[in-house]
Amino acid sequence: MAHVINDSCVSCGACAGACPVGAIHPGDGKYEVDAEACIDCGACEGACPTGAITAE
Ligand code: SF4
Ligand code: SF4
């Protein structure tokens, strides 16, 4: 299980700064979560201004 970022992402980068394990990086047209690194803490969900991050 991991959190995922959908197409509502506007690539602001706020989530990457909020992730305690550095699991979020810029991807192809939006930011992406490294499912192997994500520990499902949920910190990124509250940091996202567009609500683009959800639990898978
Ligand atoms: S749920 Fe936590 S560990 Fe996973 S990407 Fe979001 S902030 Fe990082
Ligand atoms: S905080 Fe939300 S809008 Fe900003 S880069 Fe992360 S997923 Fe995209």
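Is His-3 buried or exposed? In this predicted model, for which local features need pLDDT of at least 70, side-chain atom pairs count only at pLDDT 80 or more and totals for chains, interfaces and linings use all residues, His-3 counts as buried because its relative accessibility is 6%, where buried means under 20% relative accessible area, exposed over 50% and partly exposed in between, with a 1.4 Å probe and protein chains only. Residues are numbered from 1 along each chain as its sequence is written, chains are lettered from A and ligands numbered from 1 in the order in which they are written, and side-chain values use heavy atoms, with hydrogens and water left out.

His-3 lies in strand E1, residues 3-5, strands being DSSP runs (E) of at least two residues and helices runs (H or I) of at least four, numbered from the N terminus. The chain has two helices and four strands, arranged from the N terminus as β-α-β-β-α-β. The side chain of His-3 forms a polar contact of 2.7 Å with that of Asp-40 and another of 2.6 Å with that of Glu-45; such a contact is a pair of N or O atoms within 3.5 Å, of which, within protein, one must be able to donate a hydrogen and the other to accept it, and residues adjacent in sequence count only if both atoms are side-chain atoms.

Ligand 1 is surrounded by 13 residues, the closest being Cys-19, Cys-38, Cys-41, Gly-42 and Cys-44, whereas Cys-9, Cys-12, Gly-13, Cys-15 and Cys-48 come nearest among the 13 residues around ligand 2, a residue being near if one of its heavy atoms lies within 4 Å.
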